[in-house]
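Let's take a walk through a protein together, one stop at a time. Have the sequence and the 3D view ready, and look up each residue as we reach it.

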Amino acid sequence: MKTTAAQDLTFALTRMFDLPGQSGGALDDEGLAAIIAECDKFCTEVLAPNRMPADREGARLENGRVRCPESHRQAYQAWMDAGWQSLTAPEAHGGQGLPFGLWAAVVELVTAADMAFGLCPLLTAGAIEAIERHASPAQQAEWLPKMTTGEWTGTMCLTEPQAGSDLSTVRSRAEPLGDGRYAIHGQKIYITYGDHDLSENTLHLILARLPDAPAGSRGISLFAARRIKADGTANALRCGGLERKMGIHASPTCIMLFEGAEAELVGEPHRGLPAMFAMMNNARLCVGIQGVSQGALALRLAEAYAESREQGGRPIARHPDVARMLAEMRATTLAMRLLALAASTAEPTRLALLTPIVKAWSTDRGVEVASLGVQVHGGMGFVEDAGAAQVLRDVRITPIYEGTNGIQALDLIGRKLRGDNGAAMAALLEEAAAAHPLLAAPVEEMRAATATMLAAGPEEAAAGATAYLNAAGWILGGAMLARAAALEPGYAPLAEFYLRRLLPRAGAELRQLAESDAVLALMSA
């Protein structure tokens, strides 16, 4: 049974995870299906046709302002007109207040159609969540209505030249101006959509230090600065350059210079990192979904090419090795999709545990699936005109940004696993073992690995963290496919393929845990 992404998303959110039942009456099955179908139509008709032309045109810096591809300006206006940005925004500020699980489906469809475009509304949604949780009522009333419509976009300004993964070394400073205002001085790098011409204004969420800030991460505060101030004048901030990147060329990645930019404190002083984590965790889960989306796009392109390309008197899709690659792509992508939706509809403790797994496992798999997509195309895959190469170029950033996948693994074995002594993981593994007989043995290995990780010292646990996370992804992904097959027999052949051909990779990952000492030995050599 071949299904579309929209069909899988609708099936999973209604029959596997009962999102309508979680919505408090805001959604029913038919309404959810209609929204996904309408989003799929928007993506197919408005976004997807311009994915490659926008990549070729790229974003550019002209006379101090960033200019986006013309097709993106038109698409963003259509995005606002259709009200997509408001989907999960708070109703009190003009949003529809629908569940995050539905936004997860929209993120997959939008970023599969054009990943570079999708990054802008994705970050705005994360900024809305951070403001809703941590800004004052007055700030929310002033900022959220415009962000909910998409008239304003949002950014996340964390990274500095010396402060990447280690934000304790942030140097940007905030000088009090009186009346609750601050002047931000500093440089931020890798700021997605830090400047652009899609919307009338941008609200930058910035990590910086107050004059009395203690050293380290405890001394970081969160500020919000508009590109255009309330009086209509330009704020003292600008794009100092655009990064020349491997992929997502139509998405401007900016060096942002804050030269006394007027800003407001968001939340409590010196509590910026906890506030920003609301946006970061949202973004991390959505980056995992980007891995799913690029796998889905690579699969769609590869299937179409393999059905149309004839060699040896038949389409290459009928050649056993190509059929094997397509099956791997299809099964892995569906497992990623279902696991991401499981996280997006989960209660807070399970969501916290699954977020680093979805972010890391799905993005690594997205890269692998995109690479297989190039291979299916053969020589044409290496040629930009086929589109497969762009998918691989675009998806390659996802294991890096919003916390590298190694950091996700450390988060999993640290705060998430040790935080409850493995209880949440144990519950997931119990469910996985019950999903299919072929999962019983890998689950037992995973339980033993969990005990090993909980007992290990910090360095030993860190050396095995990535292998542990990957094993969790393969096992939980398999459990998702088994559950889908139990509800819809059409998924059974794909689930069987995954469980017999791909699930053994979990065991290979867990065997690496026994080799952690070799990693530590190399470190000290």
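Predicted model: local features only at pLDDT ≥ 70, side-chain atom pairs only at ≥ 80, totals over all residues.

Start with K188, which you will find in strand β5, residues 181–192. Is K188 buried or exposed? K188 is buried, because its relative accessible area is 0%, and buried means under 20%. The side chains of K188 and E160 are joined by a polar contact of 2.9 Å. A polar atom of the K188 side chain also lies 2.8 Å from the backbone oxygen of L207.

Next, turn to the cysteines. How many disulfides does a search of the whole structure find? The search finds 0. To see why, take C39: the closest cysteine sulfur, in C43, is 4.0 Å from the sulfur of C39, which is too far for a bond, since a disulfide needs the two sulfur atoms within 2.5 Å. C239 is in no disulfide either, as the nearest cysteine sulfur, that of C254, is 3.9 Å away. Both cysteines are hidden from the surface: C39 is buried at a relative accessible area of 0%, and C239 counts as buried at 5%.

The largest pocket holds about 1,100 Å³ of space. Among its 44 lining residues, T159, I400, Y401, E402 and G403 are the closest to its centre. Which element gives the most? That is α9, with 6 residues. By class, the lining has 22 nonpolar, 12 polar and 10 charged residues.

The second largest pocket has a volume of about 750 Å³. Its lining is made of 33 residues, and F100, E129, R133, N282 and L351 lie nearest its centre. Two or more residues come from each of α2, α6, α7, α9, α10 and α11. Here, α9 gives the most to the lining, with 6 residues. This lining divides into 18 nonpolar, 10 polar and 5 charged residues.

How values were computed:
Residues numbered from 1 in each chain as written. Heavy atoms only, no water. Buried < 20%, exposed > 50% of the residue type's maximum accessible area, 1.4 Å probe, protein only. Helix = DSSP H or I, 4+ residues; strand = E, 2+ residues; numbered from the N terminus. Polar contact = N/O pair within 3.5 Å; in protein donor to acceptor, adjacent residues only side chain to side chain. 1 Å grid on protein atoms, 1.4 Å probe; cavity = no way out; pocket = protein on both sides within 12 Å on 5 of 7 lines; lining within 4 Å. Points joined across faces, edges and corners; volume = space filled by probe spheres on them. Nonpolar A, V, L, I, M, F, W, Y, C, P; charged D, E, K, R; others polar.
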